[in-house]
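Here are my notes on the model, as numbered points.

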Amino acid sequence: MSYLEILGMIGLGIGCGVSKLGIPAALIFSPILASIYGGKASAGIIIIPILVSDLIVMYIYRKNADKKVVLKMLPLTFLGMIVAVIFGKYISDEIFKQSMGIIILVIGILTLLKNFKIDFSKLSVLFGFLGGFAAFIGNVSGPLMSIYLLNIKMDRDKFYGTRTWFYFIVNLVKVTLYVVVLKNIHLETFKLTSVAIPFVFVGVFAGKYFVEKMNQELFEKFIVILSIISGLKLLFF
């Protein structure tokens, strides 16, 4: 493993941890890793530290989750994942990366619209389907769920508890699909992510600190701008 790869895995671990607290860092590191390892391989690499971050945040907010919201979103999310399975199995890696770029751009635009107070609370079907598709293709669906939960007026602890339980279930299903369908999780995947996993803890607690101290709205706008640039890079470069 090169020094550049080690630095990349450290960044991945921190980014996965930070993302669990609602800061859309995955929109940055997901396209970067896709450009290095390829779209399908990068999806398999990212999912391992994401699962670890799910478990950490689930423990922190273990008493806070709205089960009704989770159950409402899951059926359409699984449908989105099934469509993504079919889509991802029969296309080239290049088209897979371009699809990820399109998803990132869509999510970025939706996140910007959220900041203009547009109400998405009645679009659970759309968000569930797009969330499942984006989760399977590129692990970049977190902001979609954040937009939906913020629009149904959840307090912070319930927001994190509900969001994390939802994605923990989704990510367990994704791991199965990755192994069986895409076959993009193997020994080399675990070698790479073994470097990232310790830094997931750093990312979670750093994210928790900044979420409580920083102007979240301004930070999200900054991340979204970088995300859109990353999505454009996947599409055109």
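1. Trp165 and Phe168 are both in helix 8 (residues 156–182), 3 residues apart, about one turn of the helix. Helices here are DSSP runs of H or I with at least four residues, numbered from the N terminus. The ring centres of Trp165 and Phe168 are 6.4 Å apart with planes at 90°, so the pair is edge-to-face. Rings of Phe, Tyr and Trp (its six-membered ring) pair if their centres lie within 6.5 Å; planes under 30 degrees apart are stacked, over 60 edge-to-face, and the rest tilted. Trp165 is partly exposed at 34% relative accessibility, whereas Phe168 is buried at 16% (buried is under 20% relative accessible area, exposed over 50%, partly exposed in between; 1.4 Å probe, protein chains only).

2. The model is predicted: local features need pLDDT of at least 70, side-chain atom pairs count only at pLDDT 80 or more, and totals for chains, interfaces and linings use all residues. Residues are numbered from 1 along each chain as its sequence is written, and side-chain values use heavy atoms, leaving out hydrogens and water.

3. The count of aromatic pairs is 6. Phe87 and Phe133 form a tilted one, 5.6 Å centre to centre with 45° between the planes. Phe87 belongs to helix 4 (residues 67–89) and Phe133 to helix 6 (residues 124–138), 46 residues apart.

4. Gly207 is in helix 9 and is buried, at 1% relative accessible area. Leaving aside neighbours within four places in sequence, Gly207 contacts Val18, Leu21 and Ile23 (contact: heavy atoms within 4.5 Å). The C-alpha atoms of Gly207 and Val18 are 4.5 Å apart.

Notes: Helix = DSSP H or I, 4+ residues; strand = E, 2+ residues; numbered from the N terminus.
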